[in-house]
Every structure is written in C-alpha cells, then in structure tokens.
Amino acid sequence: MTITSIFHLAALLVTLAAGLGYINHRWLRLPHTIGLVVSGLVISAVVLCADLILPSLGLRDLVRGTLARLEFEDTLMKAFLSFLLFAGALHVDLDSLIARRWVIGTLATVGIVISTLVVAGLMYLGFSMSGVSISFPYCLVFGALISPTDPVAVMGILKKVKVPETLRAKIAGESLFNDGVGVVLVTVLVAVAAGGEEAVTFSGVFGLLVVEVIGGITLGLGMGYVAYRAMQEIDEHSLEVLITLALVMGTYALASRLHMSGPLAVVIAGLFIGNHGKRFAMSEETRQHIDTFWSVLDEVLNSLLFLAIGFEVVSISVTGRVFGAALLAVPVVLVARLIAVSVPMTVLSVRDNFTRGATSVLIWGGLRGGISVALALGLPPTPEKPVILAATYSVVVFSIVVQGLTIERVVQARVR
C-alpha cells in the first residue's frame with residue numbers, strides 16, 4: 001500500500017464519518033457511535049442488494065477490497081486501540097477502581113472464564129443439534145474472543161448514559177481490564193485448536209500470563225512514571241500534550257516488541273497520568289488542554305471505528321451454516337453474560353453492598369465491539385473462521401445497536 005492510497009482511504013473514511021454523523025445528528029437523532037454503525041449497516045445492505053441485482057458492477061468486491069486495505073485487525077489492535085484505551089483511562093477515577101477492586105478483578109478474570117466455558121458449551125451443543133461440524137476447541141476460541149466487554153464501546157455509551165458513580169466504576173473498570181485476559185485466552189485456545197492439547201503446557205500458559213499481564217502492568221507503571229516526572233519538571237501545555245501522545249505510542253510499541261499486553265500497559269499508564277499526573281504534575285491550563293486534546297481524538301477515532309464496524313458486514317460470506325451461527329450466537333452470549341455476572345456478584349454480595357439493580361445493568365451494559373471483531377479477523381484461515389466471524393459480528397452489532405440504545409432504560413428501570 002502506498003502513502004497516497006493510505007491518505008485516500010483515510011480521507012474517504014473521515015469524509016463519510018463526518019457526512020453520516022451530520023445526517024444522524026440532524027435527522028436520525030441516535031447516539032453518535034450507534035448512528036454511525038447503523039449508517040454503515042444500511043450502506044452495506046444497499047451494496048449487497050445492488051450486487052445481487054447488478055453483479056456486473058462489482059460493488060461488493062470493491063468494498064471488500066477497500067476493507068482489506070484498511071486491515072481492520074492491525075488498524076484497531078495496533079493503532080486505534082492504544083489511543084482509545086488511554087483516552088478512556090485518563091478520565092477514570094483510580095480511587096473508585098481501587099475501592100471496587102474485588103468486583104472488577106473477579107469479573108475481569110473469573111467472569112471471563114465462566115463466560116468462555118458457557119458460550120463454548122452452548123454453541124457446541126447448538127452446532128451438534130443442527131448437524132454443523134465445529135470442534136469444541138474452536139467453540140472455546142469463540143467463547144474467549146466474544147466474552148470480554150469492549151472498553152471502547154462501553155466508555156462511549158457511558159458518556160451518554162447517567163449511571164451512579166459506584167456502578168459506573170464497576171462497568172468501566174471491568175471493560176478496561178478484561179480484554180487483556182481475553183487476548184491471552186484466545187492466544188492459548190487458538191494454539192490448542194490448531195495443534196491439540198499437547199501443544200500447550202501449563203508452564204507455557206502460566207509463563208504467557210505472567211509476561212502479558214504482570215509485564216504489561218509493570219511497563220505501564222514505568223512508562224507512566226517517566227512521563228509524569230518529565231511533565232512535573234515543565235509547565236508548557238503543548239509539550240505536555242506531546243509527551244502524553246509519545247507515552248501512548250511508545251508504551252504500546254514497546255509492549256508489542258516485548259510480548260507484553262499493550263492494552264493493559266496503556267490503561268495503567270492512562271490511569272497513572274489521569275490521576276497522579278493531573279494532581280501533581282500539571283497546571284490547570286495543561287489539564288484543560290490535555291483533556292480537550294484527548295476528548296477530541298477519542299471522538300474522531302471512535303467515529304472511524306464504529307463506521308468501519310458497520311461496513312464489515314460486506315466481508316462476510318453468507319451460507320446456511322454461517323447464518324445459523326449468527327442467529328444462535330446472540331442468545332447464547334446473553335445467557336453466558338447472565339451467568340458470568342450473576343455468579344460472582346452473588347458470591348461477592350456477602351461482603352459488599354451493591355447498588356440495587358447493579359447486576360442487571362452490568363449484564364446488559366456488557367457491550368462487545370471492535371476488539372472481538374479484530375480477534376476474529378486475526379484467526380488463522382480455517383474452515384471454522386467464517387462461522388466464528390459471522391457469529392462474532394452478529395453479537396457485536398446486536399450489542400452496540402440494541403443494548404446500546406436500551407441500556408439507559410434498563411438503568412432507569414432497575415437502579416434505585
């Protein structure tokens with residue numbers, strides 16, 4: 001891909017995001033990110049219908065080729081994600097997270113494992129009953145990549161919905177930390193599915209967890225501290241904004257080279273700068289400039305990401321098996337989320353008093369987003385991949401559009 005083609009593709013996406021965002025703001029009146037997903041889905045449907053009526057136009061191939069050049073997996077996991085996670089963590093109250101560490105930690109670890117197992121079991125049962133041959137290890141892979149809630153989608157919705165602060169901290173904290181666990185699970189389970197259980201050892205899995213999780217946390221703290229000390233020595237808002245930008249890019253790039261969890265490292269760095277850094281290393285003017293810069297960048301990248309999610313439906317080849325997986329996945333993932341949240345919350349309620357309706361909001365507010373799509377696109381080319389991709393995409397679209405549009409009603413009805 002040439003620099004010119006990258007520029008043209010970026011120009012096309014930004015122009016579409018701006019134009020469709022304007023149409024949504026003036027007439028559709030949907031939340032911005034949801035409006036862009038819906039707009040992308042509508043355009044994708046038009047392209048698919050046009051391709052059926054006039055296949056000679058080759059519209060579907062044209063859109064597919066454009067999406068392939070976008071390289072959604074790399075664009076999200078290696079570019080957008082680092083900035084979006086940092087922007088989200090920058091505005092999270094660390095004291096609130098620490099006060100609710102047991103709930104957040106349990107949901108981000110035990111909850112993910114429970115959800116993965118439930119999704120895998122129900123999907124395998126459904127496939128077996130319908131005569132579709134999908135191995136249980138690949139059902140586990142799907143369970144692992146669809147179970148983590150997406151921090152980008154969750155934080156985007158939380159900006160628009162009034163949620164009690166105690167509950168907001170639980171939802172945000174879970175979404176910020178559980179994707180790192182999900183990525184590690186997917187890596188291990190893909191190796192199992194591809195090479196059999198003998199290809200993975202306990203020591204190998206434990207070593208991967210230590211390097212990814214502990215290494216990511218340590219790297220995030222270290223890089224955050226270096227940036228904090230640099231900002232503490234100066235009072236120049238333009239340079240300090242540049243330091244935060246370098247912190248995100250440098251931390252994520254270094255984590256990738258060291259095989260540590262880049263998302264986790266960036267989240268820790270964001271929490272460090274957003275709390276300790278704002279209190280002791282920034283003037284009021286610098287705080288305002290940094291908040292403004294990262295808020296604008298967050299909105300722009302969110303717009304591009306959710307528009308791309310809407311377009312990705314064109315890349316799915318629909319067959320009977322794929323369509324059945326897409327229909328089955330949505331209720332299965334909702335049931336798994338119900339169990340994965342209810343069990344830990346019931347156990348933890350013995351020692352903590354939760355906000356009334358907290359479990360219901362956590363269940364329905366567990367949105368899936370671009371991270372799951374990127375993980376599905378990044379799977380090795382196997383006969384199971386199209387099925388997993390379709391199931392993932394159906395859950396993500398349902399989550400963003402249906403759950404995203406109704407979460408405020410759930411909060412109003414359940415939280416007292």
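Residues are numbered from 1 along each chain as its sequence is written, and side-chain values use heavy atoms, with hydrogens and water left out. Because the model is predicted, local features need pLDDT of at least 70 and side-chain atom pairs count only at pLDDT 80 or more, whereas totals for chains, interfaces and linings use all residues.

When residues up to four places away in sequence are not counted, L76 is in contact (heavy atoms within 4.5 Å) with L81, L305, G370, I371 and A374.

On the surface, a nonpolar patch is formed by L122, L125, M129, V335, L338, I339, V343 and V347, which together have about 700 Å² of accessible area. Such a patch joins nonpolar side chains (Val, Leu, Ile, Met, Phe, Trp, Tyr) within 5 Å, from residues with over 30% relative accessible area and no salt bridge; areas come from the Shrake-Rupley method with a 1.4 Å probe, and for residues only the protein chains shown count as cover. Helices α6 (101–129) and α14 (320–348) each supply at least two residues of the patch, and α14 gives the most, with five. L125, found in helix α6, has a relative accessible area of 48% and is partly exposed (buried being under 20%, exposed over 50%, and partly exposed in between).

Five salt bridges (a side-chain nitrogen of Lys or Arg within 4 Å of a carboxyl oxygen of Asp or Glu) are found in the whole structure. One of them joins the side chains of R279 and D95, at 3.3 Å from N to O. R279 lies in helix α12 (residues 262–280) and D95 in helix α5 (residues 94–99), so this pair ties together parts that are 184 residues apart in sequence. D95 is partly exposed, at 45% relative accessibility.

A further salt bridge connects E174 and R337, at 2.8 Å from N to O. This pair also links distant parts of the chain, with E174 in helix α9 (residues 165–195) and R337 in helix α14, 163 residues apart. E174 is buried, with a relative accessible area of 2%, and R337 is likewise buried, at 5%. In the salt bridge between E233 and R229, the closest N and O atoms are 3.8 Å apart; E233 is exposed, at 58%, while R229 is partly exposed, at 37%.

How values were computed: Patches are made of residues with over 30% relative accessible area and no salt bridge: like charges are joined within 9 Å, nonpolar side chains (Val, Leu, Ile, Met, Phe, Trp, Tyr) within 5 Å. Helices (H or I, at least four residues) and strands (E, at least two) are DSSP runs, numbered from the N terminus. Buried means under 20% relative accessible area, exposed over 50%, partly exposed in between (1.4 Å probe, protein chains only).
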